[in-house]
Amino acid sequence: SCGMIYTYGQTQDSVDHYRFHQTLMKGISFQGWKKERIVERYPEGRIIVVLPSDPKQHQKKIDDIISAIDCELGYTYRSDDSRSSNKFKTFLYISNHKEVIGFVMAEQIKEAYRLLVSDNENKVNTPSSLKTWCCSETSEEALVGINRIWVLSCHRRKGLATQLMDAVRKHFIFAYTVPKHLLAFSDPTPNGKSFASRYCETNTILVYKWTTV
């Protein structure tokens, strides 16, 4: 019922599935830290940002969160994937019930490519999983790459993803709000592309291929 594909009877798959199911049903526990970098407060909770230079226990929590949500996003996570560069900033949406209910990992980039609308994209009856996406071969200026974005399933369609993206735009660069047209997204899922298009107010969003540094 949680939507994760796994092999029944395989011990590791079963363990991963159990953890994934618990994550979707209950969220990721977060008791808070004495020193938090709070950037926004909302009735539902607060948004904090975590930097690569933050304490190791903070980084360990981020690693745990990434490994939990990557199953749903379809990523294969490696422990050496993430914040090896000081370009990365992680934004966490913490609920009043001490759970992580939203997550964005953002990085500094210089260029991205315009996503072109294909013929299949315009066909109403074509399943999103079968739609083909193509990119322009000409790069364009971009400032912030959205490496991952996730909201707990039971909190979706409540504006949390928009609040997270607003926080990224306002707080990624000091004293500067990044315009929407300078945002790019890395390998978005169909749902992610749909959200990005709504948020950036265009079907031809910018995309980029994230590589480790």
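How many residues of the lining of the largest pocket are nonpolar, how many polar and how many charged? The legends below refer to a predicted model.

**View 1. The largest pocket and its lining.** The volume of the largest pocket is about 780 Å³. Its lining has 29 residues, and those closest to the centre are Arg156, Thr189, Asn191, Gly192 and Phe195. Sorted by kind, the lining residues are 13 nonpolar, nine polar and seven charged.

**View 2. Elements that supply the lining of the largest pocket.** At least two lining residues come from each of α2 (56–73), β8 (144–151), α3 (160–171), β9 (183–186) and α4 (190–200). The largest share belongs to α4, which gives seven residues.

**View 3. Glu40 in strand β2.** Strand β2 spans residues 38–42 and includes Glu40. Glu40 counts as buried because its relative accessibility is 13%, under the 20% cut-off. Its side chain and the side chain of Lys170 form a polar contact at 2.8 Å. Beyond its neighbours within four places in sequence, Glu40 is in contact with Arg46, Ile47, Ala167, Lys170 and His171.

**View 4. Val50 in strand β3.** Val50 belongs to strand β3, which covers residues 45–50. With a relative accessibility of 1%, Val50 also counts as buried. Between Val50 and Arg37 the C-alpha to C-alpha distance is 7.1 Å, and the two are 13 residues apart in sequence. Residues up to four places away in sequence aside, Val50 touches Trp33, Arg37, His58, Gln59, Ile62, Lys89, Thr90 and Leu92.

Definitions and conventions
Residues are numbered from 1 along each chain as its sequence is written. This is a predicted model: local features need pLDDT of at least 70, side-chain atom pairs count only at pLDDT 80 or more; totals for chains, interfaces and linings use all residues. Side-chain values use heavy atoms; hydrogens and water are left out. On a 1 Å grid over the protein atoms alone, a cavity is a set of points where a 1.4 Å probe fits but cannot get out, and a pocket is an open set with protein on both sides within 12 Å along at least five of seven lines; lining residues have an atom within 4 Å of a point. Grid points are joined across faces, edges and corners, and a volume is the space filled by probe spheres set on the points. Helices (H or I, at least four residues) and strands (E, at least two) are DSSP runs, numbered from the N terminus. Ala, Val, Leu, Ile, Met, Phe, Trp, Tyr, Cys and Pro count as nonpolar, Asp, Glu, Lys and Arg as charged, and the others, Gly among them, as polar. Buried means under 20% relative accessible area, exposed over 50%, partly exposed in between (1.4 Å probe, protein chains only). A polar contact is a pair of N or O atoms within 3.5 Å; within protein, one must be able to donate a hydrogen and the other to accept it, and residues adjacent in sequence count only if both atoms are side-chain atoms. Contact means heavy atoms within 4.5 Å.
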